[in-house]
Amino acid sequence: MGAREAPADAVGSVAAGAVRATDLANACGRVLRGSPAQALARLHLAAAAGLLPEPELGRPRGDVQVAAGLAALGRLLAPVVSDVPALLVAAPAGGEVLAGRPFAAGSALVARAVFRAVMIDRGLDPTGVAAPEVAWAATGPVPYARALAGYVDGTPDGVIGAGVHRAVP
């Protein structure tokens with residue numbers, strides 16, 4: 001018995017996008033480090049196909065805050081900071097995408113794929129077999145939302161709390 005196709009509705013599109021983005025994250029760490037905009041576009045195309053019209057796929061929203069957040073993400077992922085532990089790059093990288101919501105749809109899937117790609121690329125999960133989403137889901141939506149709100153607040157305690165939530169749900 002083979003795998004069934006995802007339903008042809010929004011839930012099926014999100015599920016299929018999650019699988020595609022996760023698969024792509026396993027191979028795009030180097031691209032994310034060298035050309036974050038290109039990697040984000042590819043991850044968004046994988047994550048949001050079927051959710052948005054084709055011209056919107058891979059294209060961030062065009063406002064100043066999104067541009068600033070993506071520029072900060074690029075600096076965070078730059079090879080210059082390669083000696084920083086994987087989790088200390090992956091958590092804020094995913095947080096920037098999740099909090100900034102750079103895309104009209106699919107930003108949360110892209111954020112999780114960015115987190116995964118950094119963890120793989122920096123050697124913390126070199127085979128890509130870890131499933132942090134399972135642990136995050138087990139804590140429920142309230143701690144996840146609190147951690148995101150803390151990250152968005154930008155206070156040291158909020159950012160640290162969000163990182164800890166990513167590391168130890």
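**View 1. Helices α5 and α8 of the predicted model.** The axes of α5 and helix α8 (residues 141–153) come within 10 Å and cross at roughly 90 degrees, where axes are lines fitted to C-alpha atoms, for helices over the stretch in contact, and angles run from 0 to 180 degrees between N-to-C directions. The helices named here are DSSP runs (H or I, at least four residues), numbered from the N terminus. The two helices, α5 and α8, are therefore roughly perpendicular to each other; angles of 65 to 115 degrees count as roughly perpendicular, under 35 as roughly parallel, over 145 as roughly antiparallel, and the rest as oblique. On the α5 side P92, G95, E96, L98 and A99 meet Y144, L148, Y151 and V152 of α8, contact meaning heavy atoms within 4.5 Å. By class, this contact of α5 with α8 has seven nonpolar, one polar and one charged residues, with Ala, Val, Leu, Ile, Met, Phe, Trp, Tyr, Cys and Pro counted as nonpolar, Asp, Glu, Lys and Arg as charged, and the others, Gly among them, as polar. This is a predicted model, in which local features need pLDDT of at least 70 and side-chain atom pairs count only at pLDDT 80 or more, whereas totals for chains, interfaces and linings use all residues. Residues are numbered from 1 along each chain as its sequence is written, and side-chain values use heavy atoms, with hydrogens and water left out.

**View 2. Helices α5 and α6.** The axes of α5 (86–100) and α6 come within 8 Å and cross at roughly 165 degrees; α5 and α6 are therefore roughly antiparallel to each other. In this pair α5 passes α6 in a right-handed crossing, a term used if the near helix is turned clockwise from the far one by less than a right angle, left-handed being used if anticlockwise. From α5 the contact takes in A86, L87, V89, A90, A91, A93, G94, V97 and L98, and from α6 it takes in S107, A108, V110, A111, V114, F115, V118 and M119. The residues of this contact of α5 with α6 divide into 15 nonpolar, two polar and no charged.

**View 3. Helices α1 and α6.** Helix α1 (residues 10–25) and helix α6 (residues 107–121) have axes that come within 8 Å and cross at roughly 20 degrees, and α1 and α6 are therefore roughly parallel to each other. Here α1 passes α6 in a right-handed crossing. The contact is made by V14, G17, A18, A21, T22 and A25 of α1, together with L109, A113, R116, A117 and I120 of α6. Sorted by class, the residues of the contact of α1 with α6 are eight nonpolar, two polar and one charged.

**View 4. The largest nonpolar core.** This core has 30 residues, and those with the most contacts inside it are L43, V110 and V114; a nonpolar core is a set of buried Ala, Val, Leu, Ile, Met, Phe, Trp, Tyr and Cys residues joined through side-chain atoms within 4.5 Å. At least two residues of this core are supplied by each of α1, α3 (36–48), α4 (64–77), α5 and α6, and α6 gives the most, with nine residues. Leaving aside its neighbours within four places in sequence, L43 is in contact with A21, L24, A25, C28, V110, A113 and V114.

View 5. H44 has its place in helix α3 and is buried, with a relative accessible area of 0%, where buried means under 20% relative accessible area, exposed over 50%, and partly exposed in between (1.4 Å probe, protein chains only). Apart from its neighbours within four places in sequence, H44 is in contact with A49, L52, E56, L57, G58, R59, F103, A105 and V110. L32 lies in helix α2 (residues 29–34) and, at 1% relative accessibility, counts as buried. Not counting residues up to four places away in sequence, L32 touches A39, L77, V114, A117 and V118.

View 6. R101, found in the loop between α5 and α6, has a positive phi of about 40 degrees although it is not a glycine; R101 is partly exposed, with a relative accessible area of 39%. A27 lies in the loop between α1 and α2 and, at 63% relative accessibility, counts as exposed. A27 and G128 are 101 residues apart in sequence and 9.4 Å apart in space, C-alpha to C-alpha. A15, in helix α1, counts as partly exposed at 40% relative accessibility.
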